[in-house]
Amino acid sequence: MTLIEHIRGESARLAALCTACGACVEACPMTRYAAGVEAAGPGVVAAGMRDVLRDGPGTPEALAWIGACTRSGVCTPACPEGLDAAFMLRLAQWRAKGALGEPPRIRVKEDTQYSPKVKAFARLTLTEEEQAKWL
Amino acid sequence: MAVARDQAVFWYGCNMTRHGEVIRTTARLLDAVGLDAAPSGGPANCCGSPKDANARINEGMAKRTIEKFNATGRGTVVTWCPSCHMNMQDSMAPVTPTHFETVHVSAVLHARRDRLRPLLLRPVPARVFLHAHLGFNGRVPVNALVAEVLRLIPGLTLVEHPYRAPGHMCSALSGVPGALADAQRATLAAMAETGADTLCTIFHSCHREGVALERHGVRVMNWIHLLAESAGWEAEDGYKAWRNAADPRAAVGEAQIAAAGEVAFERLVAPELAKPPMV
C-alpha cells in the first residue's frame with residue numbers, strides 16, 4: 001500500500017462513519033484562530049471537513065479550521081461516535097495541503113532550508129564522531 | 001559473565017540537532033536505566049512530515065527511515081519527538097512494515113525510574129512549572145510521566161496548574177498567527193500565579209521557542225537538563241545561551257562557526273538566533 005492509498009482509504013472509512021455533529025469543532029481550542037468558524041457553527045464546519053475527506057472542495061470555514069489544527073487531540077475523546085477525530089483532521093490537512101497531487105487549499109508551511117539547517121546546527125552541537133554515527 | 005543489555009534505537013528526530021546536549025544526555029540516561037539506545041536522527045532518518053504537502057516524497061522519506069531501523073535488528077525504537085511518534089503510528093508503519101515497537105522516551109524512563117532514582121542525588125531547588133500541551137498526551141500520557149520522573153529529583157517542587165497549551169508542541173502553534181504568543185503569555189501568567197521560578201519544557205520545539213522567556217526573569221530548562229543537573233552531569237544548554245545573547249555570533253564563537261561553515265551559519269543559523277522574542 002502507498003501513503004496516497006492509505007490517506008484515501010482512511011479518509012473514506014472515517015467520512016462514512018462521521019455524522020458531522022460538530023462535537024469535534026466545539027471541543028477544539030483552536031477555533032478562535034480560524035476565520036469564520038464561530039459564525040458558521042460547529043455542525044456546518046464539521047460537514048465541510050468531512051467533505052474534504054470525501055474528495056470535495058470543503059468550505060472556506062472548514063479549510064480555515066483544518067489549517068488551524070495543531071493536533072491538540074481533544075476532538076477525539078469528544079466524538080460521540082468514538083472516531084479518531086484528530087486523525088480525521090490529520091487526513092484532511094494532508095488533502096488540503098495538496099498531498100495527493102491537487103493544488104493546495106490551505107497555507108503550506110514548508111521550509112526549503114530545513115535539511116541544511118538541521119545539519120548546520122548539528123555541526124555546532126555534535127562532535128564529528130557523533131555526527132558520523134547519529135545523523 | 002556480561003549481562004545482555006536491552007537494545008534500541010533512540011530516534012531523536014530532526015530539529016533536536018539544536019540541542020546536542022539533550023540527545024547526548026538522553027542516551028546516557030537510557031543507558032543508565034539499562035537500555036543501549038543508539039541515537040539516530042536528522043534528515044536521513046526523517047518521518048517525512050517536512051514534505052506533508054507531497055505524499056509521494058513523504059512516503060519515500062518515511063520508508064527509508066523504517067528500512068534503516070528494521071536493518072538494525074533492534075526491536076525497539078525510542079522516540080523523542082511527538083510528531084515523529086504519531087507519524088510512525090499514523091502514516092509510516094501502516095504503509096511500510098516495521099520490525100520494532102515504538103515507545104516514547106518518557107514512558108521508558110518512567111517505567112525504569114527505580115534505576116533512575118539512585119542517580120538523582122543532587123538537590124535542584126526550584127519551583128517548576130511543567131510546560132504541558134493538550135496534544136500527544138492522549139497517545140502517551142507524557143505530562144504525567146514526565147511529572148512523576150521530575151518528582152524523583154530532591155529539592156524540586158512541581159507546581160500544579162490546570163493550564164495546558166493547545167497543540168502537541170510549540171512548533172505547531174508557531175504556524176498559526178497569534179497562537180504561540182498567546183500560549184507563552186498564558187504560560188507566564190500561570191507561572192506568576194503559582195510562584196514558579198523555572199519553566200520545564202518537555203519537547204525540543206517548546207524549548208527552542210521557550211528559551212527567550214528567560215528575559216522575563218524565569219529560568220527555562222528542559223526536563224532532561226533538570227535530570228542531568230540532579231545527576232551531576234554536564235549538559236550545558238548552548239542554544240539557550242546563543243539565543244539570549246546580545247551578540248549571538250560572539251556567543252557561538254568563531255571556532256564553532258568555522259566548524260559549521262561561515263555561509264551556513266550566516267544563512268541558516270544566525271537569523272534564528274537573532275529572532276526577537278515572541279512576547
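1. How many of the eight residues of strand β1 (residues 6-13) of chain B are buried? The model under review is a predicted one. In it, six of the eight residues of β1(B) are buried, and the strand is thus described as mostly covered.

2. The pairing of β1(B) involves two further strands of chain B. With strand β2 (residues 35-41), β1(B) forms seven bridges in the parallel sense. Within this pairing, B:Val9 faces B:Ala38 of β2(B). With strand β3 (residues 76-79), β1(B) forms three bridges, again in the parallel sense. Here B:Trp11 has B:Thr79 of β3(B) as its bridge partner.

3. Chain B comprises two domains, domain 1 (6-110) and domain 2 (121-279). Taken over C-alpha atoms, their centres are 21 Å apart. Contact between them involves 19 residues of domain 1 of chain B and 25 residues of domain 2 of chain B. On the side of domain 1 that touches domain 2, two or more residues come from each of α1 (20-32), α3 (82-92) and α4 (105-111) of chain B. The largest share of that side belongs to α1(B), which provides six residues. By class, the side of domain 1 of chain B that touches domain 2 holds eight nonpolar, eight polar and three charged residues.

4. The two chains also touch one another. Chain A contributes 44 residues to the contact and chain B contributes 47 residues. On chain A, at least two residues each are supplied by α1 (3-17), α6 (75-78), α7 (85-96) and α8 (114-125). Of the elements on this side of chain A, α8(A) gives the most, namely 12 residues. The side of chain A that touches chain B is made up of 26 nonpolar, 10 polar and eight charged residues.

5. The largest nonpolar core contains 130 residues, and those with the most contacts inside it are A:Trp65, A:Ile66, B:Val78 and B:Leu150. The element that gives the most to this core is α7(A), with nine residues. Because domain 1 (6-110) and domain 2 (121-279) of chain B both give residues to the core, it lies between them.

6. B:Leu150 may be examined individually. Setting aside residues up to four places away in sequence, B:Leu150 touches B:Val128, B:Leu156, B:Leu158, B:Cys200, B:Trp223 and B:Leu226.

7. Is A:Tyr33 buried or exposed? A:Tyr33 sits in the loop between α2 (23-27) and α3 (37-40) of chain A. It has 21 other C-beta atoms within 10 Å and is therefore buried, the threshold for a buried residue being 20 or more. Apart from neighbours within four places in sequence, A:Tyr33 is in contact with A:Ala68 and, in chain B, with B:Val176, B:Gly178 and B:Ala179. A:Thr19, by comparison, is 14 residues from A:Tyr33 in sequence, and the C-alpha atoms of the two are 24 Å apart in space.

Terms used: Residues numbered from 1 in each chain as written. Chains lettered and ligands numbered in written order. Predicted model: local features only at pLDDT ≥ 70, side-chain atom pairs only at ≥ 80, totals over all residues. Contact = placed C-beta atoms within 7 Å. Helix = DSSP H or I, 4+ residues; strand = E, 2+ residues; numbered from the N terminus. Nonpolar A, V, L, I, M, F, W, Y, C, P; charged D, E, K, R; others polar. Domains from an automatic or database assignment. Buried ≥ 20, exposed ≤ 12 C-beta atoms within 10 Å, placed from the backbone. Pairing = 2+ DSSP bridges. Core = buried A, V, L, I, M, F, W, Y, C linked by C-beta atoms within 7 Å.
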